[in-house]
Amino acid sequence: MGSIAVCPGSFDPITLGHLDIIRRGAKVIDTIYVVVLNNSSKKPLFTVDERCELIKEVTKGIDNVIVDSFQGLLMDYARSKNANTILRGLRAVSDFEYEMQITSMNRVLDENIETLFMMTNNQYSFLSSSIVKEVAKYKGDISELVPKVVEDALKKKFANLS
């Protein structure tokens, strides 16, 4: 059996920072499930289905990536896919404390699934979906922050909200 990882996130929307982690992870992991969390505590701009479609579009050239969604505990999903790894990106030290808490809880839930942290490329260390949405909302240039298909989807979404 090869290595199987789950790369979870809200991906609302997927950014070039997310894509950087997915592409680099795909070089060292046999199969990566990029999964959209249906997080009831967040108010997303895109539906789960829309986010999945955007991720499928931008990862279609990465053969070992499978896009999916789930609701519930990440470790339950990981076990259902026989995953042995959770793949997470870190942008800055500020991400570390939150990720440490989540990883510690995940180890309590299943000590057999390891978490692999990848540092994001420096050019994306400031990047978040929230920042992208804020800039896009006010018609700022996001062309160097997200793939073209995501940029177009954001423009369309904000045009329909006005």
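Which residues do ring pairs link into a cluster? I looked this up first, and the residues are Tyr33, Phe70 and Tyr77.

**Ground rules.** I am working with a predicted model, where local features need pLDDT of at least 70, side-chain atom pairs count only at pLDDT 80 or more, and totals for chains, interfaces and linings use all residues. Residues are numbered from 1 along each chain as its sequence is written, and side-chain values use heavy atoms, with hydrogens and water left out.

**Rings.** I took rings of Phe, Tyr and Trp (its six-membered ring) as paired if their centres lie within 6.5 Å; planes under 30 degrees apart count as stacked, over 60 as edge-to-face and the rest as tilted. I found two aromatic pairs by this rule. Tyr33 and Tyr77 are edge-to-face, at 6.4 Å centre to centre and 80° between the planes. Tyr33 sits in strand 2 and Tyr77 in helix 3 (residues 74–80), so this pair ties together parts that are 44 residues apart in sequence. The ring centres of Phe70 and Tyr77 are 4.9 Å apart and the planes are at 25°, so I logged that pair as stacked.

I then checked burial (buried is under 20% relative accessible area, exposed over 50%, partly exposed in between; 1.4 Å probe, protein chains only). Phe70 counts as buried at 9% relative accessibility. Tyr77 counts as buried at 8%. Tyr33 is buried too.

**Sheet.** I used DSSP runs for helices (H or I, at least four residues) and strands (E, at least two), numbered from the N terminus. Strands pair if DSSP finds at least two bridges between them. Five strands form an open sheet, ordered 3-2-1-4-5, with parallel pairing. Strand 3 (65–70) and strand 5 (114–119) are the edges, each pairing on one side only. The twist averages 30° from one strand to the next.

Axes are lines fitted to C-alpha atoms, for helices over the stretch in contact, and angles run from 0 to 180 degrees between N-to-C directions. Helix 1 (residues 16–28) packs on the sheet and touches strands 1, 2, 3, 4 (85–90) and 5; its direction makes about 120° with that of strand 5. Helix 2 (residues 48–59) also packs on the sheet, touching strand 2 and strand 3, at about 170° to the direction of strand 3.

**Lys157.** I found Lys157 in helix 6 (residues 148–161). Lys157 counts as buried at 18% relative accessibility. Its side chain makes a polar contact with the side chain of Glu50 (3.0 Å).

Notes: Contact = heavy atoms within 4.5 Å. Polar contact = N/O pair within 3.5 Å; in protein donor to acceptor, adjacent residues only side chain to side chain.
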